[in-house]
Amino acid sequence: MTASVLLAIDGPRATITLNDPAKHNRLDPAGLRLLREAVEKADADPNVRVTVITGAGDKTFCSGYDLGSIPAGERRDEGSDDSFEKVMDRIEAMRMPTLCALNGGVYGGATDLALACDFRLGVKGMRFFMPAARFGLHYYPSGLRRYTQKVSPSFAKRAFLLSEDFHDAELLAVGYLDWLVERAEFKSKVDEKAVRLANLAPLSMAGMKRAIEQFAQASPDVPSIRQSAKVCATSEDLREGLAALSERRAPAFKGR
């Protein structure tokens, strides 16, 4: 059986591929563990100067977290290294620059996976949506911070509070994407950016990456945000939202 996450290291470049195109490269608990392991292995290799994260196939980069794992009780504890938030934070903290090569649509938690990377290169025709409010999920603090910090508060509100769908050109215009290319140019453009990053001075790159992230950090009331998320995690609304999603009907939220 082929692994759902693949790691290839070729000299100064590491490539992590989400490898389950039949399920739109969706991440389940096992896939999250494999992703964390791949990230740690790439980060520990002193020869790696750039890590590219991409998806298999040409339809979807990643459809996010397997929502079926939430009611099944498979969702990892927040303290686990394999929780979704911790794995995204681990990607953001990688020593050397990271490039998310969005080979297709990006949905749910995968939208934050892309933001956890330093750069995002998209392919024309891709789509984006963050459905948390559609079924009553309160997003975790570091994901909300990345949306607000790396794009804008306006974009975060449109994505989370309005649950808007975005298309390729809109994602470039708002700053979610750094580059947008035709599919025929996609691989060569990814290679071009990866080679450029790999050829720059690694010591200064690592130090400046860390400094830029530190300057960009805000100081929100994270305990309060986390408490709000916990309330939502055990709410009737979340149970109703997930049930409605499974049953393909409109949810009837009650605010409790």
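Mentor: A residue is called buried when its relative accessible area is under 20%, exposed when over 50%, and partly exposed in between, using a 1.4 Å probe and protein chains only. The model here is predicted: local features need pLDDT of at least 70, side-chain atom pairs count only at pLDDT 80 or more, and totals for chains, interfaces and linings use all residues. Residues are numbered from 1 along each chain as its sequence is written, and side-chain values use heavy atoms, with hydrogens and water left out.

Trainee: Is Phe84 buried or exposed?

Mentor: Phe84 has a relative accessible area of 13%, so it is buried. Buried residues make up 46% of the 256 residues in the chain.

Trainee: How many helices and strands does the chain have?

Mentor: Helices (H or I, at least four residues) and strands (E, at least two) are DSSP runs numbered from the N terminus. Here the chain has eleven helices and ten strands. Its radius of gyration, taken over C-alpha atoms, is 18 Å, close to the 18 Å of the globule rule for 256 residues, so the chain is as compact as a globular protein of that length. That rule is 2.2 Å times the number of residues to the power 0.38.

Trainee: What share of the contacts joins residues at least 24 apart?

Mentor: A contact means heavy atoms within 4.5 Å. Among contacts between residues at least 6 apart in sequence, 70% join residues at least 24 apart.

Trainee: How is a pair of aromatic rings described?

Mentor: One gives the distance of the centres and the angle of the planes. Rings of Phe, Tyr and Trp (its six-membered ring) pair if their centres lie within 6.5 Å; planes under 30 degrees apart count as stacked, over 60 as edge-to-face and the rest as tilted. The structure holds 14 aromatic pairs. In one of them, Phe84 and Tyr140 have ring centres 6.2 Å apart and planes at 45°, so this pair is tilted.

Trainee: Which parts does the pair of Phe84 and Tyr140 tie together?

Mentor: Phe84 lies in helix H2 (residues 84-92), and Tyr140 in the loop between helix H4 (132-135) and helix H5 (141-150), so the pair links parts that are 56 residues apart in sequence. Tyr140 is buried, at 11% relative accessible area. With Tyr139, Tyr140 also forms a stacked pair, 4.4 Å centre to centre and 25° between the planes. Tyr139 counts as buried, at 7% relative accessibility.

Trainee: Which residues form one aromatic cluster?

Mentor: The cluster includes Phe84, Tyr139 and Tyr140, together with others such as Tyr65 and Phe128.
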